[in-house]
Amino acid sequence: MHLTRLALTDFRSYTGVDVSLTPGVTIFSGPNGEGKTNLVEAVGYAATLASHRAAQDAPLIRKGADQAIIRAAISTSANDALVEIELNAGRANRVRLNRTPLSRPRDVLGVLRTVLFAPEDLALVKGDPGERRRFLDDLLVAMAPRYAGVRADYDRVLKQRTALLKSAGPKGGPKGNRESREAVTATLDVWDAHLARTGAELLVAREHLVTALRPHVEKSYAAVAGDGRGPAAIDYKRSFESQPPDQGGTGQAGKDEAGTTHGERVRAAEQALKEALLEVRASELDRGVCLAGPHRDELELSVRGLPARGYASHGESWSLALALRLASFDLLRAGREDPVLILDDVFAELDAGRRDRLAALVAEAEQVLVTAAVPEDIPSLLTGAHFRVSAGTLTEVADAP
Ligand SMILES: Nc1ncnc2c1ncn2[C@@H]1O[C@H](COP(=O)(O)OP(=O)(O)OP(=O)(O)O)[C@@H](O)[C@H]1O
Ligand SMILES: [Mg+2]
């Protein structure tokens with residue numbers, strides 16, 4: 001798939017911009033702070049309904065405005081689509097698909113698919129486990145948009161169960177606490193069941209995804225870092241005791257072929273999570289936090305057998321982050337239309353060898369949007385349309401042949 005047009009109104013630093021796009025490479029260059037990332041951030045938002053760099057929507061609305069609009073026209077081999085997103089300060093956002101308002105904004109997920117590489121990706125390797133869980137969940141949703149619902153259900157159940165745990169009050173409190181704890185216990189059984197059910201679905205899907213990603217990450221890491229620099233490995237680690245031995249470990253890719261169906265794996269995980277919740281209940285009540293479930297799981301990354309976080313060098317961490325994105329791209333394009341590739345300011349961070357290898361890997365994608373402060377940082381393999389970005393305006397420039 002590719003974007004044919006991107007139009008922004010009061011998005012970030014743009015009052016209004018409207019640009020026609022073509023398949024192949026498009027470069028956006030310009031000095032720092034002129035709005036290059038803002039452009040591709042809008043593209044990412046149209047695909048995922050979230051910014052890759054702001055947790056809230058407020059910073060996306062131009063200062064002084066109370067509404068931002070993103071319009072993205074998408075062309076696939078099957079059809080054309082127009083996604084329109086209205087970001088509203090202080091009230092719900094609205095999404096239209098082909099001019100029809102969607103009652104559930106998340107129904108737009110999957111219409112535009114992107115893989116965005118950005119400086120923030122370093123946090124995938126160096127940051128908290130939450131960054132890596134988000135990476136997996138975002139990719140799950142991009143692969144199968146129905147997981148947006150599973151994820152939302154889980155978040156809601158987790159929030160409510162946590163509120164219930166907190167309401168029981170800390171251990172050693174007044175006598176009243178003991179009574180409230182007893183009352184809470186009965187209700188907790190119900191929430192444990194909800195949490196285990198939605199949690200199991202999410203975590204088995206993540207495990208399955210990690211199994212599918214693994215060979216691509218290994219391959220991409222070797223491709224970016226250069227031969228003999230790896231291997232890089234990824235593993236999904238549950239936050240609680242794994243399932244019984246007859247269900248196999250989480251990292252055993254062969255199990256599905258060996259006859260364990262997806263449904264069986266989910267049911268086994270649900271049972272295991274329910275038991276784990278019972279085991280930790282006392283400490284959960286003491287601490288007022290939910291101690292088992294996919295919100296505490298970890299995607300473990302390693303390079304040459306050492307955990308990436310805390311051990312990998314800066315360059316190795318970068319290569320691993322790139323490998324995770326490239327692997328996502330491989331998975332998302334398999335048997336389907338290419339997602340739109342976005343490379344925000346990534347070449348400046350890489351040495352010449354890594355730059356050229358990365359360029360070679362992405363060059364054949366249907367559409368690649370590249371930003372750079374210094375156009376010379378972009379390998380010559382990536383040539384195409386070129387826009388100068390300056391103070392909220394785009395000017396197409398003809399590159400010297
Ligand atoms: N909500 C907003 N309203 C107005 N301006 C904003 C808003 N959010 C960000 N900006 C401005 O947008 C600019 C940043 O744009 P952007 O991140 O796209 O820069 P860039 O061209 O990618 O720069 P760099 O090369 O440093 O990455 C900043 O000057 C910032 O003040
Ligand atoms: Mg930028």
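Predicted model: local features only at pLDDT ≥ 70, side-chain atom pairs only at ≥ 80, totals over all residues.
Trainee: Which element gives the largest share of the lining of the largest pocket?
Mentor: The largest pocket holds about 1,400 Å³ of space, and among the 45 residues that line this pocket, T48, L49, A50, D138 and R151 are the closest to its centre. Several elements give two or more residues to the lining, including α1 (36-48), α3 (129-143), α4 (147-167) and α8 (314-333). The largest share is seven residues, and the element that supplies them is α3.

Trainee: How many charged residues are in the lining of the second largest pocket?
Mentor: The second largest pocket has about 220 Å³ of space, and its lining includes R133, R134, D137, Y154 and H295. Helices α3, α4 and α5 each supply at least two of the lining residues. Sorted by class, that lining has four nonpolar residues and two polar ones, while the number of charged residues is six.

Trainee: What distance separates an oxygen atom of ligand 1 from a polar backbone atom of N38?
Mentor: Ligand 1 is surrounded by 16 residues, and N38 is listed among the closest, together with G33, K36, T37 and P59. From the side chain of N32, an N or O atom is 2.9 Å from an oxygen atom of the ligand, and a backbone N or O atom of E34 lies 3.3 Å from a ligand oxygen. For the polar backbone atom of N38, the distance to an oxygen atom of ligand 1 is 2.7 Å.

Trainee: What part of the area that ligand 1 exposes when taken alone does the protein bury?
Mentor: The shell around ligand 1 has three nonpolar, six polar and seven charged residues. Taken alone, the ligand exposes 650 Å², and the part of this area that the protein buries is 69%.

Trainee: Is R12 buried or exposed?
Mentor: R12 is placed in the loop between β1 (2-11) and β2 (14-20), and its phi is near 50°, a positive value in a residue other than glycine. Most residues other than glycine have a negative phi. Because the relative accessible area of R12 is 18% and the cut-off for this class is under 20%, R12 is buried.

Trainee: Which residue is joined to E207 by a polar contact between side chains?
Mentor: E207 lies in helix α5, and it counts as buried because its relative accessibility is 1%. A polar contact of 2.5 Å joins the side chain of E207 to that of another residue, R238.

Conventions: Residues numbered from 1 in each chain as written. Chains lettered and ligands numbered in written order. Heavy atoms only, no water. Near = heavy atom within 4 Å. Polar contact = N/O pair within 3.5 Å; in protein donor to acceptor, adjacent residues only side chain to side chain. Areas by Shrake-Rupley, 256 points an atom, 1.4 Å probe, with all protein chains shown as cover. Nonpolar A, V, L, I, M, F, W, Y, C, P; charged D, E, K, R; others polar. Helix = DSSP H or I, 4+ residues; strand = E, 2+ residues; numbered from the N terminus. Buried < 20%, exposed > 50% of the residue type's maximum accessible area, 1.4 Å probe, protein only. 1 Å grid on protein atoms, 1.4 Å probe; cavity = no way out; pocket = protein on both sides within 12 Å on 5 of 7 lines; lining within 4 Å. Points joined across faces, edges and corners; volume = space filled by probe spheres on them.
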